[in-house]
Amino acid sequence: MATASASASDAQTSYGTERDNEPRLDVELLKDTARKALIDTLNAVNGVKTLVLDPTLAGPLGLVTEVALLKHHGVDKMFWLEPGPLTSTTTNVVYLCRPLIKYVKIIADQVKAHLRESQKHRYTLFLVPRISTLVSRILEEEGILGDITISSYNLQFIPIADDVISLENDNAFKELWVDGDETVIYNSALALNSLQKVYGHFPRILGKGDYASRLATLLTKSLPDQPSPSSDPSMLSAPFDSLIIIDRTVDMITPLLTQLTYEGLIDEFIGLKNSHVELPVSLLTLPTAPNPSNPNATPSGSASVTPLINEKTKKYHLSTATDPLLTGLRDLNFSSVGKRLSKVAHRLDEDYKARLQAKTVTQLRDFVGKLGGLQGEHQALRLHTGLSEMLSLKTRTELFNKSLEVQQNLLASYEVSAQISAIEDMIAHGASMQTIVRLLCLASITNGGIKAKSLDSVKRELLQAYGYNYLPLLLSLAAPPLAILLPNPLPISAAPAVAGSKYPFITLRKSLRLLIDDNPEALEEVENDISYTYSGYAPISIRLVQCVAQKSGVISNPAEKSGADDGDGKGKGSSARKLHAHPIVGWKGFEDVLGTIPGKTFDIAQKVPASTNSASSSIASLIRPHEQTTTTAVFFLGGCTYTEIAALRWVSRQNKGRRFLIVTTGIVSGNSLIDSIASTGKNLSATKDVGTS
């Protein structure tokens with residue numbers, strides 16, 4: 001089995017390398033645009049300036065620029081935008097923030113304090129991503145509108161991988177489904193419209209969900225012009241064939257489950273924010289030069305993780321640009337990570353031994369040429385070995401495994417009342433508030449609600465254990481349009497919107513083939529399907545994408561047939577046996593399934609302006625269909641998880657001729673969604689699992 005898995009991984013990696021030779025959209029254009037726009041914004045204020053920055057923008061800006069660039073363009077000092085006095089030694093004070101009332105109030109207080117002290121400054125406020133009339137109104141009420149120049153910094157999509165771009169809006173989900181603030185939809189429409197100007201129009205817009213439908217409608221209307229990078233769509237080698245918009249509430253089950261891919265688990269346990277993770281300093285320091293005769297000493301010797309947990313941490317940018325092993329590790333199910341690292345260690349061992357076998361000057365020169373790459377891989381191996389061991393400590397705890405067991409039983413609708421009792425026991429054993437709320441919501445969605453008596457009992461225990469400050473959270477989860485924590489049956493007083501939002505999970509489980517049986521015979525099926533991301537459960541959101549872009553994958557495993565002749569039988573065949581992706585023909589064949597899911601279903605054919613795509617159309621007409629590579633953009637309104645990204649990459653690997661561009665309002669997890677609704681932010685120290693502290 002180990003040998004077969006290894007060869008399967010090799011085949012998959014090999015095919016991934018071949019896919020890299022296929023054309024793809026260059027998302028770095030978006031990064032360059034964001035950086036240039038920031039420089040232009042700063043240069044609009046002449047002279048030296050003090051920059052006061054919205055803390056939530058620090059992470060996104062860190063992905064497009066560096067502090068040295070800001071200083072080069074006149075920034076003398078930087079401060080966080082937070083309550084309290086502001087001390088500035090420069091005449092120019094520049095505020096850069098999102099248009100939130102709390103920030104505007106802080107700015108007003110600081111400006112008024114300066115005016116009282118007769119301090120003379122020139123104030124400029126740059127709002128991200130656009131100017132808001134609400135901000136002007138508040139400043140006018142505060143009596144300082146005439147003292148501040150208001151403009152905007154149009155920060156839109158930021159590349160966080162070569163196939164993932166994000167608005168990096170952490171609060172998009174809460175703003176839409178809890179606060180009822182639809183600004184996110186309009187901002188998303190503007191950003192997607194800019195995307196069309198750079199990479200060409202979306203010939204077809206499909207999707208599911210009420211808010212997703214509103215976004216699609218906006219995209220078909222005339223929107224204000226946004227600054228965008230100069231690009232000739234006719235020169236694009238992988239033009240858009242469609243845009244698929246998925247409303248987050250169409251699939252709330254996926255983010256509530258524990259992510260089981262490597263990158264997903266890092267996000268669950270350590271936290272992966274704006275592609276950065278806090279890691280122990282010792283994992284990030286360069287190791288001593290390895291002994292060529294024993295190169296594994298350092299990577300395997302870094303395994304003493306116990307002292308790492310209480311060690312000082314440092315931010316690390318988890319990026320394939322600087323990490324040679326990340327591409328092969330990030331989307332693996334965590335159970336396969338150890339084997340992959342062991343294989344890399346063995347290969348490095350062989351490569352280092354090549355030095356001892358070098359006899360001639362030419363052979364030595366070749367080895368020295370490889371040495372830089374080997375040392376980079378050696379450091380990455382050490383980092384991921386230590387990181388995977390940190391995760392292993394978490395995954396071996398009793399609470400973690402109990403949580404997984406409850407999740408699997410709820411997905412299978414097995415003894416639901418026993419699972420509710422198990423959740424109550426987990427409260428007594430010190431599970432985190434987020435874990436308990438996630439499991440309760442999962443039980444409610446998968447079973448059409450929880451018995452009223454049981455639900456009231458668990459809620460009471462939850463509030464007594466974690467604090468009554470979480471009562472607003474429970475109320476928000478039960479209120480429309482979210483309504484994901486409900487009693488069964490619903491009370492007579494329940495709003496019609498709540499009754500209409502009941503989720504048909506048991507029907508979908510069969511029609512979309514969501515659950516793979518937990519038996520040895522099903523193991524190969526799991527490895528040949530997107531369900532590997534959750535060890536046997538297929539994310540509904542990605543199944544819906546398959547309904548449009550890979551219809552055969554919904555009915556059966558697309559890798560099975562192509563892998564029938566493989567020696568390992570794992571379905572990871574060579575690219576020569578991969579079928580070409582079928583054309584986008586809408587929801588055809590799955591209309592009835594889509595009709596059972598709450599929310600609007602839409603399929604809009606856009607009229608492509610002749611001036612925009614005329615050249616590309618004439619070029620495309622000369623290329624035979626099976627030679628043309630197209631890009632399908634998938635937009636997650638409300639955020640997506642790392643496991644969904646991994647699953648979409650898996651879908652992309654199964655066919656030739658179609659790449660996916662994953663577009664989202666932000667990266668989310670179950671914990672981050674619960675925290676945003678509870679408005680707890682990062683203050684989680686009092687609610688961490690006892691078993692994982």
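# Helix pairs, loops and buried residues

User: Asn193 is found in helix H8 (residues 183-199). Is Asn193 buried or exposed?

Analyst: This is a predicted model: local features need pLDDT of at least 70, side-chain atom pairs count only at pLDDT 80 or more, and totals for chains, interfaces and linings use all residues. Residues are numbered from 1 along each chain as its sequence is written, and side-chain values use heavy atoms, with hydrogens and water left out. Buried means under 20% relative accessible area, exposed over 50%, and partly exposed in between (1.4 Å probe, protein chains only). The relative accessibility of Asn193 is 13%, so Asn193 counts as buried.

User: Which residues does Asn193 touch, not counting those up to four places away in sequence?

Analyst: Contact means heavy atoms within 4.5 Å. With residues up to four places away in sequence left out, Asn193 touches Leu219, Leu223 and Pro224.

User: What percentage of the protein's residues count as buried?

Analyst: The protein has 693 residues. Of these, the share that counts as buried is 54%.

User: Which residues of helix H3 are buried?

Analyst: Helix H3 runs over residues 55-62. Its buried residues are covered by elements including helix H2 (28-43), strand E1 (49-53), strand E3 (92-97) and strand E6 (158-161). The buried residues of H3 are Leu57, Gly59, Pro60 and Leu61.

User: Are the axes of H18 and H20 roughly parallel or roughly antiparallel?

Analyst: Two packed helices are described by the angle between their axes and the distance between the axes. Axes are lines fitted to C-alpha atoms, for helices over the stretch in contact, and angles run from 0 to 180 degrees between N-to-C directions. Helix H18 (residues 398-411) and helix H20 (residues 433-446) have axes that come within 9 Å and cross at roughly 10 degrees. Angles under 35 degrees count as roughly parallel, over 145 as roughly antiparallel, 65 to 115 as roughly perpendicular and the rest as oblique, so H18 and H20 are roughly parallel.

User: How do the residues of the contact of H18 with H20 divide?

Analyst: H18 brings Ser403, Val406, Gln407, Leu410 and Leu411, and H20 brings Thr435, Leu439, Leu442, Ala443 and Thr446. Ala, Val, Leu, Ile, Met, Phe, Trp, Tyr, Cys and Pro count as nonpolar, Asp, Glu, Lys and Arg as charged, and the others, Gly among them, as polar. The contact of H18 with H20 divides into six nonpolar, four polar and no charged.

User: At what angle do the axes of H26 and H31 cross?

Analyst: H26 covers residues 540-549 and H31 covers residues 642-654. Their axes come within 9 Å. The axes of H26 and H31 cross at roughly 30 degrees.

User: Which residues of H31 does H26 meet?

Analyst: From H26 come Ser541, Ile542, Val545 and Gln546. In H31 they meet Glu644, Ala647, Leu648 and Val651.

User: Is Thr665 buried or exposed?

Analyst: Thr665 is found in the loop between strand E19 (658-664) and helix H32 (670-678). The relative accessible area of Thr665 is 1%, so Thr665 is buried.

User: Which backbone nitrogen lies 2.9 Å from a polar atom of the side chain of Thr665?

Analyst: A polar contact is a pair of N or O atoms within 3.5 Å; within protein, one must be able to donate a hydrogen and the other to accept it, and residues adjacent in sequence count only if both atoms are side-chain atoms. The side chain of Thr665 reaches the backbone nitrogen of Gly638 at 3.1 Å. The backbone nitrogen at 2.9 Å belongs to Gly639.

User: Ser118 and Ser275 have positive phi values. Is Ser275 buried or exposed?

Analyst: Most residues other than glycine have a negative phi, and most peptide bonds are trans. Phi is near 60 degrees in Ser118, which is exposed at 60%, and near 65 degrees in Ser275. Ser275 lies in the loop between strand E10 (272-273) and strand E11 (276-280). Its relative accessibility is 6%, so Ser275 counts as buried.

User: Which residue does a cis peptide bond join to Pro480?

Analyst: The omega of this bond is about 5 degrees.

Definitions and conventions:
Helices (H or I, at least four residues) and strands (E, at least two) are DSSP runs, numbered from the N terminus.
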